[in-house]
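Please look over the sequence and the three-dimensional model below before reading on. The report is meant for someone meeting this structure for the first time.

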Amino acid sequence: MTDSRHGRLIVLCGPAGVGKGTVLGRVREQHPQIWLSVSATTRKPRPGEVDGVNYFFMTEQEFLAKEDAGEFLETADVFGLAHYGTPVKPVVEHLEQNIPVILEIDIQGARSVKQRAGELGLDVMTVFIAPPSFEELERRLVGRGTETPEQQAKRLETAKIELAAEPEFDKVIVNNVVDDAANELWNLIATEFNL
Ligand code: 5GP
């Protein structure tokens with residue numbers, strides 16, 4: 001028997017360069033019982049990425065067939081280059097077992113999850129990971145040093161747009177010190193799921 005009283009689905013967002021992957025990685029190291037949803041995507045795997053672990057990699061045709069069959073909680077065309085989608089079934093199944101589920105998706109994805117949650121009988125908590133300041137985010141993004149000035153300018157522009165979405169979120173965690181941000185995120189999860 002599963003307990004129908006479970007915590008809210010946690011949707012985690014934040015601008016590129018804010019360190020959300022690092023914060024989430026820290027929480028997962030210390031609390032491996034949380035489950036991170038694996039998205040489907042039509043983009044090509046990067047070196048080291050494993051099908052079924054990082055993403056379910058598929059062709060556009062496969063993706064669209066699954067979308068038509070209602071298998072996704074939400075989908076997005078990220079950067080207009082590739083489709084991404086969250087498979088709905090494992091999300092519901094994990095929540096029914098009171099296992100905390102985290103979706104790490106972009107802001108359009110967070111918006112559609114909020115819109116669709118009611119119809120699926122899901123409660124959602126959206127969490128935004130914010131930088132200590134825009135200047136700090138700029139430093140972190142530029143500090144990667146792997147991009148041309150044009151690409152950097154584009155990323156900063158996108159980061160500004162993403163930062164403007166912060167007030168839409170239920171909770172905001174400032175990633176100043178990774179351990180502190182990870183503790184804050186864990187405390188939110190633990191409170192939701194009575195852990
Ligand atoms: P990447 O291709 O670098 O792994 O991810 C690109 C962007 O797609 C990131 O902002 C990531 O959060 C977002 N993303 C990954 N999976 C999903 C998904 O299932 N739905 C949505 N809406 N965005 C996703």
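This is a predicted model: local features need pLDDT of at least 70, side-chain atom pairs count only at pLDDT 80 or more; totals for chains, interfaces and linings use all residues.

What follows describes the surroundings of the ligand and then the arrangement of a sheet.

The ligand sits in the largest pocket, and the elements that give two or more residues to the shell around the ligand are the strands β5, covering residues 72–78, and β6, covering residues 82–87.

In total, 15 residues surround the ligand, and the closest of them are Ser39, Arg43, Tyr55, Glu74 and Tyr84. Sorted by class, this shell is made up of six nonpolar, four polar and five charged residues.

## Polar contacts and burial of the ligand

For Arg43, a polar side-chain atom lies 2.6 Å from a ligand oxygen, while for Ser39 the distance between an N or O atom of the side chain and an oxygen atom of the ligand is 2.7 Å. Thr86 also takes part, with an N or O atom of its side chain 3.3 Å from an oxygen atom of the ligand.

The ligand taken alone would expose 510 Å², and the protein buries 84% of that area.

## The parallel sheet

In what order do the strands of the open sheet stand? Five strands form this sheet in the order β2-β7-β1-β8-β9, and their pairing is parallel. Strands β2 and β9, the latter spanning residues 171–174, stand at the edges with a single partner strand each, so one side of each is left without a neighbour in the sheet. As a general point, strands of a sheet pair through backbone hydrogen bonds, in either a parallel or an antiparallel way.

## Pairings within the sheet

Strand β7, which covers residues 101–104, is joined to strand β1, residues 9–13, by three bridges, and the two run parallel; in this pairing, Val11 has Leu103 of β7 as its bridge partner. Strand β2, residues 35–36, is likewise parallel to β7 and is joined to it by two bridges, with Trp35 having Val101 of β7 as its bridge partner.

Key. Residues are numbered from 1 along each chain as its sequence is written. Side-chain values use heavy atoms; hydrogens and water are left out. A residue is near a molecule or strand if one of its heavy atoms lies within 4 Å of it. A polar contact is a pair of N or O atoms within 3.5 Å; within protein, one must be able to donate a hydrogen and the other to accept it, and residues adjacent in sequence count only if both atoms are side-chain atoms. Accessible areas come from the Shrake-Rupley method with a 1.4 Å probe; for residues, only the protein chains shown count as cover. On a 1 Å grid over the protein atoms alone, a cavity is a set of points where a 1.4 Å probe fits but cannot get out, and a pocket is an open set with protein on both sides within 12 Å along at least five of seven lines; lining residues have an atom within 4 Å of a point. A molecule sits in a cavity or pocket if more than half of its atoms lie within 2 Å of its grid points. Helices (H or I, at least four residues) and strands (E, at least two) are DSSP runs, numbered from the N terminus. Ala, Val, Leu, Ile, Met, Phe, Trp, Tyr, Cys and Pro count as nonpolar, Asp, Glu, Lys and Arg as charged, and the others, Gly among them, as polar. Two strands pair if DSSP finds at least two bridges between them.
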